[in-house]
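Dear colleague,

Please find below the structure that I am handing over to you.

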Amino acid sequence: MKRIFLRWEMALFAMLVAEFAIFGAINPRFLNLSNLLYSTSDFAQIGIVALPLTIVIIAGGIDVSFASTVGLCAIIFGIANFFGLPLSLCIATALGAGAVAGLFNASMIHLSRIQPLVVTLGSLYLFSGAATVLSGVVGAGGYEGIGNFPDSFTSFAYLEVASLPAPFVVLLVEAVILFVILHFSRFGRAVFLCGLSEHAARYSGLPIRTIQTITYVMTGVFAGVAGLVLSAYFGSARVDLGTATLLPAITAAVLGGASIYGGQGSIIGTLMATLVIGYLQQGLQMSGVPSQISSALSGALLVVAVALRHGSAVLTSFVAARIMATNRKRAAS
Amino acid sequence: MLDFFARNRVATLFGVTVLAFILIGMAAPGYLSLSTASVIMSNSLVLMTVALGTMLVILTRNIDVSSGSVLGLSAVILGLLLNNDVGLVPAIIVCLISGALAGLFNGILVTFFSVPSIIATLGTLGLFRGIMLILTGGKWIEELPQSLKFLAENGSIGISVLTVAVIIALAGVWAITRHTRFGRYFYAVGDNREAARHLGIRVNLVQISAFVAAGVLAALAGIIFAAQIGFIPNQAGNGVELKAIAANVLGGVSLLGGSGSVPGVFVGVIFMTSIDSALVFLKIPAFWNDFIAGAVLLLVLLLDGRVRIAVEKAIRAKRYAVHTPNKTTVIPAKPATAPTAQETTQ
């Protein structure tokens with residue numbers, strides 16, 4: 001029992017329950033089931049990119065370029081659609097572009113052996129630049145969106161699958177797939193070992209480069225998925241579709257228990273953290289709090305949660321050391 | 001030759017920058033002129049100041065991604081004070097203090113709560129931006145007094161008060177990091193925290209002062225921003241933290257801490273800024289900016305990484321050459337490449 005209740009995921013669950021209680025008390029309409037379900041469409045994309053990002057972080061890397069990859073994939077989808085390719089081919093092209101973006105990141109990191117943060121920072125500019133340039137190709141003039149999608153595509157965002165909104169279903173299905181991959185497969189164990197100690201992983205004969213490359217490619221592909229979901233939701237593909245996901249997604253991964261030093265994290269934690277962050281924004285909005293305050297609060301939430309997590313770890317080890325010291329004194333005397 | 005460039009990162013970047021200037025000058029006559037230099041200089045002031053603060057933090061093996069929001073927050077505080085008829089000097093002092101407090105907050109989070117710096121500053125990036133928006137109520141601050149805008153005006157010799165301030169800041173940080181004991185502690189802490197602690201350096205103090213300095217410099221950048229633009233939009237300083245980190249990396253500041261210098265950051269910032277102005281002269285549409293900036297950054301990183309790997313290999317080869325029984329030039333290569341081969345075939 002203790003092992004279930006003392007997990008970080010339970011703390012996140014408690015946060016979520018507290019949010020529901022507080023926002024429900026302020027505005028009872030917040031707890032309306034259809035509101036709870038449909039407001040997920042506003043933040044599902046955060047989870048869609050945060051989940052594979054968690055795996056990248058666990059493997060000891062980090063990727064900040066996904067925010068641009070979302071826009072790049074959306075634009076590529078829009079261009080493919082503009083030139084009259086069939087819908088399935090358009091989607092495949094967009095996801096393929098995401099995979100290539102991920103592969104590019106991984107190869108740059110391995111070729112230059114420079115910290116992933118810096119390399120993906122570079123590709124953050126490169127990809128958003130590429131998306132801007134590409135959108136100029138079809139005459140969308142720099143920063144405008146590409147629209148005119150077939151109805152079957154735009155209606156997808158408003159579809160209901162088993163009375164759940166489609167973007168949320170995408171998130172859940174993705175979470176299940178990644179949960180199985182990360183926690184119940186050989187590859188998943190290898191990811192954890194890579195992040196814990198690259199040397200240990202290398203001497204165990206694990207193909208570190210391949211493993212890390214796969215994690216980056218996954219992030220790219222799911223950034224593509226997020227781009228498609230957002231394009232369907234808004235009815236147009238824009239360069240800056242993913243810009244707003246950059247900080248919340250990293251927040252979700254870290255709040256969900258992923259250690260920035262690698263080797264620690266979980267899919268369920270990130271999923272819960274996504275819900276915590278998403279409903280915090282939604283709830284604040286419904287309570288009539290201006291959006292500027294809610295952005296301050298979500299920043300504060302990240303700081304406080306992580307400070308508590310690390311602070312409590314520091315405190316625990318401090319208390320443990322004191323107890324050990326007193327024991328030793330008692331034994332000596 | 002290879003050795004020289006690998007050891008002198010700044011020299012390499014300086015060479016590349018000069019080469020780039022010459023090439024652009026040939027393609028677009030009129031680019032190489034004093035007026036361009038003056039434009040690049042004044043355009044680079046904000047980034048220069050932020051990057052300087054970021055360098056101090058990176059030296060101690062931390063990172064600060066909140067500087068863009070600190071810039072915005074302190075600029076807003078300055079603007080609000082000035083528009084409520086507070087004098088220019090007290091307003092600037094309060095603005096710098098607010099930057100110091102913001103940096104102190106970051107430093108406390110990182111030092112006493114042992115939150116990884118990227119997470120802590122990522123959180124405060126949102127937090128400070130939110131506080132800024134609460135202060136302004138989401139409105140832009142306009143009609144700043146003329147006395148502030150005057151600071152950004154180029155005087156008779158084409159140099160504004162702000163340029164002088166930034167040059168003083170550069171010189172100050174250079175002098176401190178090069179020639180004072182406390183300044184060297186930044187390098188020591190970043191290079192090896194535990195060793196620094198055992199040497200009796202007050203690691204926590206050094207780390208916090210790095211964050212406070214970064215906050216103050218970001219606030220100075222906020223003053224420059226407000227003076228140059230003449231109003232303060234909501235997104236003031238958005239994204240400048242990423243550019244500052246990029247400029248640092250270009251300038252040879254290692255993100256692993258403990259190495260980097262002020263001249264490097266200077267050249268890095270000038271390089272980044274001159275890309276933007278060069279695009280204007282080459283008549284390339286503005287939407288290529290991000291693409292070219294990203295491509296250049298990645299290219300430099302790739303080159304730098306490859307050169308460093310090559311140099312490490314050469315150094316290792318020299319070291320292992322001692323152990324070979326008959327000193328021919330062919331055999332030393334083999335034991336030398338063995339460890340690296342193992343690494344590359346992971």
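The notes that follow cover the confidence of the model, chain B, and the contacts between the chains.

Please bear in mind that this is a predicted model. For the complex, the predictor gives an ipTM of 0.76 and a pTM of 0.80. Chain B has a mean pLDDT of 82, with 90% of its residues at 70 or more.

Chain B consists of 346 residues, of which 44% count as buried. Its secondary structure comprises 15 helices and zero strands. Among contacts in chain B with a separation of 6 or more, 75% are between residues 24 or more positions apart.

Where pLDDT is low, the predicted coordinates should not be read in detail.

Turning to the two chains together, 45 residues of chain A are in contact with 42 residues of chain B. On the side of chain A that touches chain B, two or more residues come from each of helices H6 (87-112), H7 (116-137), H12 (208-234), H13 (246-255) and H15 (291-332) of chain A. The largest share, 15 residues, is given by H15(A). By class, this side of chain A has 27 nonpolar, 15 polar and three charged residues.

Yours sincerely,
A colleague

Note on methods:
Residues are numbered from 1 along each chain as its sequence is written. Chains are lettered from A and ligands numbered from 1 in the order in which they are written. This is a predicted model: local features need pLDDT of at least 70, side-chain atom pairs count only at pLDDT 80 or more; totals for chains, interfaces and linings use all residues. Two residues are in contact if their C-beta atoms, placed from the backbone, lie within 7 Å. Helices (H or I, at least four residues) and strands (E, at least two) are DSSP runs, numbered from the N terminus. Ala, Val, Leu, Ile, Met, Phe, Trp, Tyr, Cys and Pro count as nonpolar, Asp, Glu, Lys and Arg as charged, and the others, Gly among them, as polar. A residue is buried if 20 or more other C-beta atoms lie within 10 Å of its own, exposed if 12 or fewer, and partly exposed in between; C-beta atoms are placed from the backbone. pLDDT is the predictor's confidence in each residue, from 0 to 100.
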